[in-house]
Amino acid sequence: MTSVASGVARKKKVTPSAILMRASMIMIIGVAVYWLGLNLTSDPRQFAQVTVNGLNNGLLYALIALGYTLVYGIIELINFAHGDLFMLGAVFSFAVLTEALGATGPSATNYALLLVVLLLSMLFCAFINVSIERLAYRRLRNAPRLAPLITAVGMSFVLQWIGLKWIGSNPVNVNTVLPSSDFEVAGVVIAVKTLIIFAVTIPLLIVLAFIVNKTRRGRAMRATAQDKDASRLMGIDVNQTITFTFAIAGAAAGAAGLMWAQTTGTVAYNLGFQLGLVAFTAAVLGGVGNLYGAVLGGIIIGLIQSYNDGLAIGPGQRWSQTMVFTLLILLMVYRPGGLLGETAQEKV
Amino acid sequence: MARLNTPAMLKINDLTVGYGAITAVKGLTLEVREGEIVSLIGSNGAGKSTTLRTVSGLLKPKSGNIEFLGEKIDGIAGHEIVAKGICHSPEGRRIFPKMTVDENLDLGAYLRKDAAAVKETRDHVLQLFPRLQERINQKAGTMSGGEQQMLAVGRALMGNPKLLILDEPSMGLAPVLVDLIFETIEEIRKSGVTILLVEQNALAALRIADYAYVLESGHLKLEGDGSKLADDPAIAQAYLGG
């Protein structure tokens, strides 16, 4: 029998524990607002500065987080190899742009090369991600959940090993193409690099959102994410749609990899673990499976890290990761589905 | 009603389908002729949905073959079968709950390129189910069971099928809605669509059917004109709760 329970019948009862939950949540938000407000009033210039830095990292996190969320959305797999794919994107861009093409230092030619390598890096990572799905995950699509999960962990090590063989075990310095100059707006120093990150990531995020929400392919992706058999009955080629999703996720990781290498000036084979963890956290924070959630989560984590590290009154850099994960845990307590995740139940 | 004298549209020949070690359908042979309503009835687990899912390419047969308009379609991927003109409104409705009614209908026409023709079908569907027009921008998952069922049938019609497969379209619906669904099925047939129907509500399904097949644990038990089977006391006792 199907139930058509009405919303009224499920109305929440006000219990002491619910009041406690609500009160503690308000208290925590209050402390956070107080902390930010205190810093804002005591040194507005510093606050703005730190915000810009936070957005800089946050947008890169968002690009990586998108890959987690897209793949999870469509096959409910946490693709542990995704962070390492990002690393390979960074390594690839270093190998091609810096080493093979010798593009170091700002110049018009080098900017053109940067754009070309950005595209190549996106294609490269898209290709690797699609291959991983074809070779490993597709065969396990009907296997118990744990099998693809462990395979993803294995893939993560395979990609790390490729990175290790490619550039060695020590972090490598990248002579970046981007200028190291900066300028001041009302006392806030903004690096040209930061502007370039904005200029690359924001349009990419918009294009991605457009693909998923407005195109026929995107509609097929969303349908496949919800119900694969029903999608087949609509005439959607489910395998092809999943391939397409992995390609997009890979391309985003490739772009993030290049931007990371160029803005931080360093790449290392184990970059993926650390950044992957942060980006995965961003995806969960925003509500895994939700595109906008991943972007929001990425930006929030970038800001939190930056506020924590850079504000005059604050715990300081040592507590950076602690702050991020404390926030994640608190959010999971109050909103288990993530910020934009679904909490409402659907009728069956 | 009696069997029409039109050419066969769907031919299932000696079909056997199973899930792992379990065989759900054994040696089933049936035929749907152009313009007919053919009902497939039987108790739970008789293999009705399995048969439909195999026709639509969601399951691969172990043996036997399926022909649609003279072309072999067994073993072809599901999305290619839709392209050939078979649309399937599955058991349990399976609408896309997080999408609006509008988007669900659009997905039904996923493979169709001709925007003007799609618009025409869409108008026809909304005329059949005015309720969908009222809910057009609502998330499908928030609608009532009856509305979701209308959407599932409407969505299948959006593909402009030659053969429409309906799996339990009246399941879980209030009696008034059940009548509405059956009336709509007849109306759809009048518009020139051939229908293969699976129903728990056997009496209603036999009454509107030109021809019917009765399945029992994966075997074909009985076949005949819909009205004859509806009046058959043995059928009544076994399936109609009489």
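**View 1. Arg93(B) is a buried residue, with a relative accessible area of 6%.** Buried here means under 20% relative accessible area, exposed means over 50%, and partly exposed is in between, using a 1.4 Å probe and protein chains only. Look for Arg93(B) in the loop between strand E6 (86-89) and H3 of chain B. Helices (H or I, at least four residues) and strands (E, at least two) are DSSP runs, numbered from the N terminus. The phi of Arg93(B) is near 70°, which is positive even though the residue is not a glycine. As background, most residues other than glycine have a negative phi.

A quick word on what you're looking at: this is a predicted model, where local features need pLDDT of at least 70 and side-chain atom pairs count only at pLDDT 80 or more, while totals for chains, interfaces and linings use all residues. Residues are numbered from 1 along each chain as its sequence is written, chains are lettered from A and ligands numbered from 1 in the order in which they are written, and side-chain values use heavy atoms, with hydrogens and water left out.

**View 2. Asn160(B) also has a positive phi, about 50°, without being a glycine.** You'll find Asn160(B) in the loop between H6 and strand E7 (163-167) of chain B.

**View 3. Thr194(B) sits in strand E8 (residues 194-198) of chain B.** Thr194(B) counts as buried, at 2% relative accessibility. Its neighbours by contact (heavy atoms within 4.5 Å) include Met9(B), Val32(B), Gly35(B) and Leu164(B), leaving aside residues up to four places away in sequence. The side chain of Thr194(B) also reaches the backbone nitrogen of Gly35(B), at 2.9 Å.

**View 4. Four strands of chain B make an open sheet, in the order E2-E1-E4-E5, with antiparallel pairing.** The edges are strand E2 (22-33) and strand E5 (71-72) of chain B, each pairing on one side only. Two strands pair if DSSP finds at least two bridges between them. Strand E1 (residues 8-19) and strand E4 (residues 63-68) of chain B have 5 bridges, in the antiparallel sense. Ile12(B) stands opposite Ile66(B) in E4(B).

**View 5. Over in chain A, E2(A) and E3(A) form a hairpin with 2 residues between them.** Strand E2 (residues 182-185) and strand E3 (residues 188-191) of chain A run antiparallel, joined by 4 bridges. Phe183(A) stands opposite Ile190(A) in E3(A). In the turn, Ala186(A) has a positive phi of about 50°.

**View 6. Here chain B meets chain A, with 27 residues from chain B and 21 residues from chain A in the contact.** The area buried between them is about 2500 Å², and carbon and sulfur atoms give 57% of that. Buried area is the accessible area (1.4 Å probe) that two parts lose on being put together, summed over both. His79(B), Phe96(B) and Tyr110(B) supply 26% of the area that chain B buries against chain A, more than any other three residues.

**View 7. Zoom in on Arg94(B) and you'll see a salt bridge to Asp227(A), with the closest N and O atoms 2.6 Å apart.** A salt bridge is a side-chain nitrogen of Lys or Arg within 4 Å of a carboxyl oxygen of Asp or Glu. How many salt bridges are there between chain B and chain A? The count is 4.

Methods:
Polar contact = N/O pair within 3.5 Å; in protein donor to acceptor, adjacent residues only side chain to side chain.
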